Amino acid sequence: METNIDIISEKTKAVSEQKDQLAKKVEELAYSYGWGRRKSLNTALLKLLSTHSCEGRIQNALQNKETEEDAKFDSYYRKKSEYATVRILDRLKTLLSANGIEALIQTEAYSTVGRYDAVISQTNNKPSEKCKKIRIEIKASLGLDFEQLGRYLMEPSSLILIRVVTGQVAKLPITELQPYVSFTLQELIAKTDRLLTKKCYIVPGNDCHGCQDTMCIYKRNKNKGATKMGFITVSDNEFTNDLTSFLKNISFVAEKTASIVIEELTDSTQENTLLTKRGDSKC
Ligand code: SF4
């Protein structure tokens with residue numbers, strides 16, 4: 001009789017196969033447009049695919065080897081994010097040490113789907129692919145990049161999302177979100193197939209802002225709607241409130257994040273049992 005663990009195991013395997021299938025197609029697409037076979041370029045290509053609805057824009061970007069640059073980030077928010085990362089990791093190191101847990105802590109850690117603010121990995125003499133890994137993404141502003149989140153969910157290891165200003169720390173339920181991840185992967189595979197067979201859909205609208213396709217009849221004025229100011233202005237009150245909330249919440253989010261990481265590293269939950277049973281990797 002099939003148990004819940006077997007069902008979860010099958011779904012995990014299916015998502016992993018979809019991810020491999022997409023990776024192969026992205027590689028094929030990169031190669032067909034002369035992008036070479038560098039892994040970092042495939043990540044850039046994945047971002048391009050999942051950002052735009054207009055496949056004409058993606059095709060044009062592929063032809064011009066134009067990657068999705070990170071939006072010009074106000075240095076105020078960047079500095080806040082970097083500061084919060086240091087404070088959170090300091091608390092984590094103290095708790096790891098107090099609990100006698102050895103772990104590798106990395107910042108700005110690259111993977112096939114993007115770059116994480118921090119990654120904590122077990123270091124317990126197991127092969128690295130068998131080690132537990134926890135990814136941490138820290139947001140210093142109220143905004144949330146759903147495209148980035150969608151890519152991060154494609155990896156099966158634990159993901160903690162922190163929004164410092166609101167004091168929120170969420171450990172995302174990766175297993176529960178598998179149907180969403182599967183849906184996303186399925187549609188990205190279909191989109192890549194359309195690009196490979198040159199049967200693209202042109203979707204004029206939002207994507208036209210900044211599109212470099214000068215031949216398209218929907219091309220808009222290059223500067224229309226441009227918002228690359230590089231900084232955001234706020235009133236004195238808003239600035240004070242933002243700064244106060246940020247600083248007041250740091251110790252709370254650091255404590256909560258560190259506790260979740262410790263729990264994850266010491267945990268022998270159903271998921272671990274399941275992965276061991278399958279002889280699979282969680283990393
Ligand atoms: S101008 Fe607009 S419709 Fe035309 S390819 Fe670019 S994004 Fe698509």
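**Entry 1: H3 against H6**

I began with the crossing of H3 and H6, which is right-handed. This is a predicted model, so I am reading everything here as computed. H3 covers residues 55-63, and H6 covers residues 178-196. I get an angle of about 60° for the pair, with the axes 11 Å apart. Angles from 65 to 115 degrees would count as roughly perpendicular, but H3 and H6 are therefore oblique to each other.

Next I looked up who touches whom. From H3 come Glu55, Ile58 and Gln59, and they meet Lys191, Arg194 and Leu195 of H6. I sorted the residues of this contact into two nonpolar, one polar and three charged.

I then asked myself which residues of H3 are buried. My list reads Glu55, Gly56, Arg57, Ile58 and Ala61. Two names on it, Glu55 and Ile58, are buried and also take part in the contact with H6.

Following the chain out of H3, I came to lysine 65, which has a positive phi, near 50°. Most residues other than glycine have a negative phi. I marked lysine 65 for a second look, as it has this positive phi although it is not a glycine. Lysine 65 sits in the loop between H3 and H4. Buried, exposed or partly exposed? I find that lysine 65 has 13 C-beta neighbours inside 10 Å and therefore counts as partly exposed.

I found another case in glutamate 108, where phi is positive and near 45° in a residue other than glycine. Glutamate 108 belongs to strand E1, residues 103-110. I get 11 other C-beta atoms within 10 Å of glutamate 108, so I put it down as exposed.

**Entry 2: H4 against H7**

Back to helix pairs. Two packed helices are described by the angle between their axes and the distance between the axes. For H4 (residues 75-98) and H7 (residues 236-266) I read an angle of about 45° and an axis distance of 8 Å. H4 and H7 are therefore oblique to each other. Their crossing is right-handed.

The contact list took a whole line of my page. H4 brings Lys80, Ala84, Arg87, Ile88, Arg91, Leu92 and Leu95. H7 brings Phe246, Ile250, Val253, Ala254, Glu255, Thr257, Ala258, Val261 and Ile262. I sorted the residues of this contact of H4 with H7 as eleven nonpolar, one polar and four charged.

**Entry 3: isoleucine 136**

Isoleucine 136 has its place in strand E3, residues 133-139. Why did I write it down as buried? With 25 other C-beta atoms within 10 Å, isoleucine 136 passes the cut-off of 20 or more.

**Entry 4: valine 113**

Valine 113 lies in the loop between E1 and strand E2 (115-122). I get 21 C-beta neighbours inside 10 Å, so valine 113 counts as buried. Apart from neighbours within four places in sequence, I find valine 113 in contact with Thr43, Leu46, Arg151, Tyr152, Met154 and Glu155. Valine 113 and glutamine 148 are 35 residues apart in sequence, and 8.6 Å apart from C-alpha to C-alpha.

**Entry 5: the whole protein**

The protein has eight helices and five strands, and along the sequence I read the pattern α-α-α-α-β-β-β-α-β-β-α-α-α. How much of the protein is buried? Buried residues make up 25% of the 283 residues. Among contacts between residues at least 6 apart in sequence, 67% join residues at least 24 apart.

Methods: Residues numbered from 1 in each chain as written. Predicted model: local features only at pLDDT ≥ 70, side-chain atom pairs only at ≥ 80, totals over all residues. Axes fitted to C-alpha atoms, helices over the stretch in contact; angles between N-to-C directions. Helix = DSSP H or I, 4+ residues; strand = E, 2+ residues; numbered from the N terminus. Parallel < 35°, antiparallel > 145°, perpendicular 65-115°, else oblique. Left-handed = near helix turned anticlockwise from the far one by under 90°. Contact = placed C-beta atoms within 7 Å. Nonpolar A, V, L, I, M, F, W, Y, C, P; charged D, E, K, R; others polar. Buried ≥ 20, exposed ≤ 12 C-beta atoms within 10 Å, placed from the backbone.
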